[in-house]
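Here is a short walk through one protein chain. Keep the sequence and the model side by side as you read.

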Amino acid sequence: MLLLAAALAIVTHDHTALRVAPRPRASELATLWQGEVLEVRDEQAGYLKVYDYRRERGGYLKSEAVRSIGLTETDAPGLLAVLRFLRDSAGAEALGISYGAAYLKAAPGSALTAEPFDAIAGMAEQLADSASGNGVRRAEAAAHLEVVEQFGIHMRSFERHGRMQICYDGELFRRVLSSPRASAAERARAVLGLTRPDCIDPDTGILLRAAQDAERIALLDEVEERPLNALLRSRLHARRAAVWAAVAYEEARRGAAPAAAAAARRAVTELLAVHPDDLGEERRGEYLDALLRVGAIRWAAATAATQGGPLILTAQPGEPGQTCIALSDADRPAAPLVRRCTYGIVWTASAQPLARNRALVLAVQPLESWRELWVFHESGADWTVDVLPPGADDPEEGYVEFAGFNPTTQRLLIAREVLERGRFHRRFEELRLADLVPVKQASSPELLVDFGRWQDAAWRRDTLALH
């Protein structure tokens with residue numbers, strides 16, 4: 001990390017004007033942001049004459065827009081006190097990182113612990129999240145990213161779900177892990193910072209992704225849980241659940257069913273160890289992300305039952321990377337009733353015949369955190385396949401699953417959990433089997449009469465939607 005060399009003042013306010021003269025109406029040379037480091041050269045009429053090394057220009061600004069700092073050993077305790085104050089102040093990440101860099105310059109090496117690295121890395125992560133999100137802070141966060149780059153804070157960026165994702169590269173998290181003086185909580189926060197699922201580029205190749213997942217598992221398993229508080233323990237279990245769900249998906253995609261099943265079981269175990277109330281509203285999203293990922297992959301742990309017929313489902317290779325599903329009638333084996341191919345993972349253990357063998361449902365997972373429900377059913381004299389996605393309103397991740405069937409009303413019961421436009425939704429629905437048009441929906445199964453009597457017993461036992 002690049003440390004401050006000759007800074008004498010730090011800008012504390014955003015949109016601070018650097019002017020050509022010490023007058024309020026003088027021409028503006030540049031707009032300065034919090035955390036900018038300036039050299040003070042003179043003072044005149046309430047203005048400071050400064051030089052900005054990043055922009056390689058001098059100018060004047062109001063004296064109250066900056067705070068003078070010293071970089072000697074005696075200044076270090078004061079700088080650390082400010083760093084501690086700013087580390088949890090939303091919107092002040094660039095300022096906090098600037099003070100952290102000043103402290104690292106002022107403090108003697110023998111006095112350094114993992115605390116400043118932990119604090120700076122955490123603020124860098126928060127700043128990256130702000131730059132990735134929507135809202136008024138996004139433009140400011142982008143400017144703050146340019147400010148902190150001068151201190152060696154580097155970011156990675158890539159497209160995710162149609163939006164730009166900004167992630168801290170984690171250098172200082174690794175410094176924390178390499179420090180023999182780091183506490184258990186500091187190590188846990190560092191590991192959480194280095195194992196974020198949303199900071200993996202979706203375009204990462206299979207071999208590199210496997211190596212990344214192996215590294216993430218090793219980091220998470222090294223964390224000692226006993227000294228941690230309830231918040232960090234639940235965050236750790238949620239992260240392990242998400243990572244093991246990713247491993248299960250990759251193992252299933254390459255055809256290693258036993259390894260996929262073991263990973264899926266570990267993912268479910270870790271998810272059930274999370275206490276959502278311990279996370280609070282601010283960290284609830286981490287649990288929901290893990291819930292969706294594990295919910296999407298849970299069929300990997302199931303064993304396919306023997307098909308008793310007369311409907312027989314078979315899976316065969318299609319084009320490279322494809323699996324083709326054929327549904328046949330054992331009483332009329334000459335030709336399949338219907339056939340459809342997919343590049344996703346077909347969970348044959350989920351196959352469930354309905355309506356006296358006039359329909360069948362099947363779970364298909366095309367993406368790591370996205371699982372659909374295929375509905376095979378009669379349509380006149382023919383058979384057709386309809387695909388039910390987890391959501392349709394700008395969905396990001398989620399799953400939909402069969403929850404039961406009412407043979408009297410011919411209604412299909414389904415459960416959906418999905419992240420749409422950054423919001424988590426859980427819905428229980430009744431659909432007409434003939435055309436899959438929704439008839440009723442609710443946020444809880446208790447609000448739907450058919451769920452009270454006709455929900456599937458195996459679904460109720462194994463689903464995560466009721467957890």
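A disulfide here is a pair of cysteine sulfur atoms within 2.5 Å. The model is a predicted one. By this rule, it holds two disulfides.

Start with the pair C167 and C199. Their sulfur atoms lie 2.1 Å apart, and a disulfide joins them. This link connects distant parts of the chain. C167 sits in strand β9, residues 163-168. C199 sits in the loop between α6 (184-194) and α7 (206-222). The two cysteines are 32 residues apart. The torsion about their S-S bond is about -90°, so this disulfide is left-handed. How accessible are its ends? C167 has 1% relative accessibility, so it counts as buried. C199 has a relative accessible area of 12% and is buried as well.

Now move on to C324 and C341. A disulfide joins these two, with an S to S distance of 1.9 Å. C324 belongs to strand β11 (residues 323-329) and C341 to strand β12 (residues 338-342), so the bond ties together parts 17 residues apart in sequence. The value about the S-S bond is 100°, and this link is right-handed. C324 is buried, at 3% relative accessibility. C341 is partly exposed, because its relative accessible area is 26%. Counted in sequence order, the bonded cysteines pair as 1-2, 3-4.

Last, find H144. This residue lies in helix α4, residues 137-149. Is H144 buried or exposed? Its relative accessibility is 0%, so H144 counts as buried. Leaving out residues up to four places away in sequence, H144 touches D14, W33, Q34, G91, A94 and L127.

Definitions and conventions:
Residues are numbered from 1 along each chain as its sequence is written. This is a predicted model: local features need pLDDT of at least 70, side-chain atom pairs count only at pLDDT 80 or more; totals for chains, interfaces and linings use all residues. Side-chain values use heavy atoms; hydrogens and water are left out. Helices (H or I, at least four residues) and strands (E, at least two) are DSSP runs, numbered from the N terminus. Buried means under 20% relative accessible area, exposed over 50%, partly exposed in between (1.4 Å probe, protein chains only). Contact means heavy atoms within 4.5 Å.
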